[in-house]
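Let us walk through this structure together, one neighbourhood at a time. Please keep the sequence and the 3D view open as you read.

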Amino acid sequence: MGESKVWVVGHKNPDTDSICSAISYANLKNQITQSELYEPKRAGHLNEETQFVLKKAGLKAPEYIKDVRPQVKDIEIRRTKGINRDLSVRKAWELMKGLDVVTLPITEGENLEGLVTIGDVSKSYFEVFDNKILATSNTSFTNIVETLNGKVVTGNVENNYVKGKLLIGVANPDILEEMINEGDIVILGNRYEAQLCAIEMSAGCIIVCEGARVSNTISKIASDRGVIVISTEYDTYTVARLMNQAIPVSFFMKQREKLIGFKTRDYIEDIQDIMAKKRFRDFPIEDEEGKYVGMISRRNLLGAGKKNIILVDHNEKTQAVFGIDNAQIQEIIDHHRLGSIETITPVFFRNQPLGCTCTIVYKMYRENNIEISKTMALVMCSAILSDTLIFKSPTCTWEDEAAARDLAVIAGIDPESYGREMFRAGSNLSEKTEEEIFYQDFKRFSVNDTNIGVGQVNVMGMDEVKILVERELNYIPNSIKSTGLDMTFLLVTDIMSEASYVICQGKNALQILRGAFNVENDDYPVLLKGVVSRKKQFLPAIIDEMQS
């Protein structure tokens, strides 16, 4: 058994803190816990600021995940080894008994060709076939030898049987001459005359039953004529009964194109209805490259395990990755207000009124006496500088600044100059569309059954603010329709002057905005001086106004 995996993931539309807290907290957990493997993930696309930070730290972006519902790869897949299409039905039956399965996959290399079931095998026992079935099914002589527990007296059994019929040579030689055609398989006893007759009539193969001795003369003549001679201990009746079991499974198999199968990435919720409607016992599983992996049945779904998740930088369902209700939340590390996440079992929940989640993570490194590497220091420091707007945000506490300055020393950077460089990288939005800018740091909230969304863009200088506001004024009317929300707001924040221009959309949105901040003039966009924090300044005022 390998280590179980736990995903550490921030909110959708992730900002720098969301990504950096996932990376740094996963690193911390891996150092203090050996029983599980913690992996940072992201629930959205990276903005330019975060890309700048990861490039500076020399780190790859965490893998993007859009859904944490249980997948096929999370359940127990029966790793039934594939069989060759030329394998005999009898051999397939023996394998089924030995493995205690009712379905065998037929593969070529790593690719699935089809399936053979116990029902298919039973056809070789109970269905009535004509005497040309062995040729029709392209049965190999090797299969015939194995099925009869036979011994090859003479002849080449590497080829397949492609022409002729099967018959039992019980008649006298005169009658046999009328019955046997070129290439036929003839089941015989120990009668010399009958054996010689079959050879002279150009039979393709003679099967000598009951362990009867094959004379040297017959062997020599058969060899000269290219006739295969097989000796078996079984009697004539048993041989005739067993011959259909030599047919290759390819003759009965369900072709790949007609199968219902699934991929390892498929979600359990999406496939269980399909499985319930079909009467198949087993379903094949392939990986993302189309290579055969194994088999599952409806019974396997009962043991579908939930993905283990740690949430960082959020605790609201509307901000969480899709499918969070079907995941096993182990921990929540956050610095926001308490939201709507519900858990089935108790979880470790650390929530502190600090300016950044990475400040909490930094404290946990210190509390556990874990050394902070230069890379992790740069990651956490970047997040704190981002969330606190280089210590200018009202959300910034003395603990945030102290943590950032300690981390800056470890990382070997000047926090103020590095922070300005980081924000400049993040404010370069000229190549982004209005929609991309609007949603790059966008969060959803629910207030008294009213669903609102608040986006924020930080820039360096009022000139950039005005350019962005003009662009977003054209887009924001579309935001209600595209999100399904009741109201949307966008803050375009100038870090240098510590002010934000706000535009909005939705019923009563402008009225609520002006009431929340006691704005008496009719100017629009609305200028809010000193308002730079969505979490501590903007959102609480909007909520108070909506609830008043």
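**A walk through the model**

The backbone nitrogen of S18 lies 2.9 Å from a polar atom of the D15 side chain, a polar contact (a pair of N or O atoms within 3.5 Å; within protein, one must be able to donate a hydrogen and the other to accept it, and residues adjacent in sequence count only if both atoms are side-chain atoms). Before going further, please note that this is a predicted model, in which local features need pLDDT of at least 70 and side-chain atom pairs count only at pLDDT 80 or more, while totals for chains, interfaces and linings use all residues. Residues are numbered from 1 along each chain as its sequence is written, and side-chain values use heavy atoms, with hydrogens and water left out.

D15 itself sits in the loop between β1 (4-9) and α1; helices (H or I, at least four residues) and strands (E, at least two) are DSSP runs, numbered from the N terminus. D15 is buried and yet has no salt bridge, the nearest side chain of opposite charge being that of K443, 4.5 Å away. Here buried means under 20% relative accessible area, exposed over 50%, and partly exposed in between (1.4 Å probe, protein chains only). A salt bridge is a side-chain nitrogen of Lys or Arg within 4 Å of a carboxyl oxygen of Asp or Glu. As for charge, Lys and Arg count as positive and Asp and Glu as negative, with His and the chain ends not counted. Leaving aside residues up to four places away in sequence, D15 touches N47, T50, D313, D387, D441 and K443, where contact means heavy atoms within 4.5 Å.

Now for the charged pairs: the structure has 28 salt bridges. One of them joins the side chains of K5 and E39, at 3.7 Å from N to O. K5 lies in strand β1 and E39 in strand β2 (residues 36-42), so this pair ties together parts 34 residues apart in sequence. K5 is partly exposed at 49% relative accessibility, whereas E39 is buried at 18%. These two also belong to a network of salt bridges that links K5, E39, K41 and E63.

Another salt bridge pairs E421 with K56, the closest N and O atoms being 3.5 Å apart. E421 lies in helix α16 (residues 415-426) and K56 in helix α2 (residues 48-57), so parts that are 365 residues apart in sequence are tied together. D120 and K254 form a further bridge, with their closest N and O atoms 3.3 Å apart. Since D120 lies in helix α4 (residues 118-126) and K254 in strand β11 (residues 254-255), this pair ties together parts 134 residues apart in sequence. D120 is buried at 3% relative accessibility, and K254 is partly exposed at 31%.

What about the aromatic side chains? A search of the whole structure finds 14 aromatic pairs. Rings of Phe, Tyr and Trp (its six-membered ring) pair if their centres lie within 6.5 Å; planes under 30 degrees apart count as stacked, over 60 as edge-to-face and the rest as tilted. F262 and F283 form a tilted pair, 5.6 Å centre to centre with 40 degrees between the planes. F262 lies in strand β12 (residues 262-263) and F283 in strand β13 (residues 283-286), so the pair ties together parts 21 residues apart in sequence. F438 and Y439 form an edge-to-face pair, at 5.0 Å and 75 degrees, and both are buried.

Let us finish with some backbone details. A cis peptide bond, with omega of about 5 degrees, joins Y524 and P525, and P525 is found in the loop between α20 and β22. L389 has a positive phi of about 50 degrees although it is not a glycine; this residue is in the loop between α14 (374-387) and α15 (398-411) and is buried at 3% relative accessibility.
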